[in-house]
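Dear colleague,

I am passing the structure below on to you, and after it I set out what was found when going through it. Please have it open beside you while you read.

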Amino acid sequence: MATLWHPALSDSPHAWEPVPLPASDVFPLDPAELRRLKPTGMATGSRARWIAIGSGLRVNGTPLSLGIRVLKNRDALTTPDGTRFFFTDEEPARIEAFPGLGEGKPGTCARCRTAIAPGELAVRCPGCGAWSHETENLPCWTYEGAVACPLCSQPNLLGVCPWTPDEAGW
Ligand SMILES: [Zn+2]
Ligand SMILES: [Zn+2]
């Protein structure tokens, strides 16, 4: 799921608010719009790709050449009135059914190193992509006493994006 960071209302504690982009849709960003590209090939779990279409929009300060551009993670989008938005394609950590590693193979938990069966509840690290159990008996992602993913520095929280414009100094 891709996210568009909007400038927050003035009474918000944060300067930016994440708004999930619709899964299969078009998102107007006057006078341009963002469109999701249809996934290609059979790859499952591949990230959605979005393009910006239309004139008047600047991407990282540069006007859209040819009126179209594939968006990259953390691109800054500026509308003609000077409002800035940020595009990210990172997902916050969430508990989901482990999809299996191709053809329904089990995976290995980054924390406890035992198998994760397809369908078992687990969390995919937004930082490095490694999976950890997150069940009642095996709360490996939110493991008590741990502060980060076993394999990278991503905080082992739920619902937290790896990057926000706030943290980047915007
Ligand atoms: Zn585990
Ligand atoms: Zn990680």
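**Notes on the model**

Arg-113 counts as exposed, because 9 C-beta neighbours lie inside 10 Å of it. Please keep in mind throughout that this is a predicted model. Arg-113 is found in the loop between β12 and β13, and its phi is near 65°, a positive value in a residue other than glycine.

Arg-111 is found in that loop too, between β12 (107-108) and β13 (115-116), but Arg-111 counts as buried, because it has 22 C-beta neighbours inside 10 Å. If neighbours within four places in sequence are left aside, Arg-111 is in contact with Ser-132, Cys-140, Tyr-143 and Pro-150. From Arg-111 to Phe-87 the separation is 24 residues in sequence and 31 Å in space, taken from C-alpha to C-alpha.

Another positive phi belongs to Glu-103, where the angle is about 60° although the residue is not a glycine. Glu-103 lies in the loop between β11 and β12, and it counts as exposed because 6 C-beta neighbours are found inside 10 Å.

Turning to the overall layout, the chain is divided into domain 1, which covers 3-88, and domain 2, which covers 91-170. The centres of the two domains, taken over C-alpha atoms, are separated by 26 Å, and 10 residues of domain 1 are in contact with 7 residues of domain 2. On the side of domain 1 that touches domain 2, the elements that give two or more residues are β2 (16-20) and β10 (84-88), and the residues of that side divide into 5 nonpolar, 4 polar and 1 charged.

Next come the nonpolar cores. The largest one has 13 residues, and those with the most contacts inside it are Leu-29, Leu-34, Trp-50, Ala-52, Leu-57, Leu-77 and Phe-87; the elements that give two or more residues to this core are β4 (32-37), β5 (49-53) and β10. Leu-57, with its neighbours within four places in sequence left aside, is in contact with Leu-29, Ala-32, Ala-52, Leu-64, Leu-77 and Thr-79. A second, separate core has 12 residues, including Ala-110, Ala-122, Cys-125 and Trp-141.

A cis peptide bond, with omega about 5°, joins Asp-30 and Pro-31, and Pro-31 is found in the loop between β3 (26-29) and β4.

Finally, there is an open sheet of 3 strands, in the order β11-β14-β15, with antiparallel pairing. Its edge strands are β11 and β15, each of which pairs on one side only, and neighbouring strands of the sheet are turned by 45° against each other on average, direction ignored. Strand β11 (residues 95-97) is joined to β14 (residues 121-124) by 3 bridges, with Glu-96 standing opposite Ala-122 in β14. Likewise, 3 bridges join β14 to β15 (residues 131-133); here Val-123 stands opposite Ser-132, and Arg-124 stands opposite Trp-131. The hairpin of β14 and β15 has 6 residues between the strands, and in this hairpin Gly-129 takes a positive phi near 85°.

With best wishes

How values were computed: Residues are numbered from 1 along each chain as its sequence is written. Chains are lettered from A and ligands numbered from 1 in the order in which they are written. This is a predicted model: local features need pLDDT of at least 70, side-chain atom pairs count only at pLDDT 80 or more; totals for chains, interfaces and linings use all residues. Helices (H or I, at least four residues) and strands (E, at least two) are DSSP runs, numbered from the N terminus. A residue is buried if 20 or more other C-beta atoms lie within 10 Å of its own, exposed if 12 or fewer, and partly exposed in between; C-beta atoms are placed from the backbone. Two residues are in contact if their C-beta atoms, placed from the backbone, lie within 7 Å. Two strands pair if DSSP finds at least two bridges between them. Axes are lines fitted to C-alpha atoms, for helices over the stretch in contact, and angles run from 0 to 180 degrees between N-to-C directions. Domain bounds come from an automatic or database domain assignment. Ala, Val, Leu, Ile, Met, Phe, Trp, Tyr, Cys and Pro count as nonpolar, Asp, Glu, Lys and Arg as charged, and the others, Gly among them, as polar. A nonpolar core is a set of buried Ala, Val, Leu, Ile, Met, Phe, Trp, Tyr and Cys residues joined through C-beta atoms within 7 Å.
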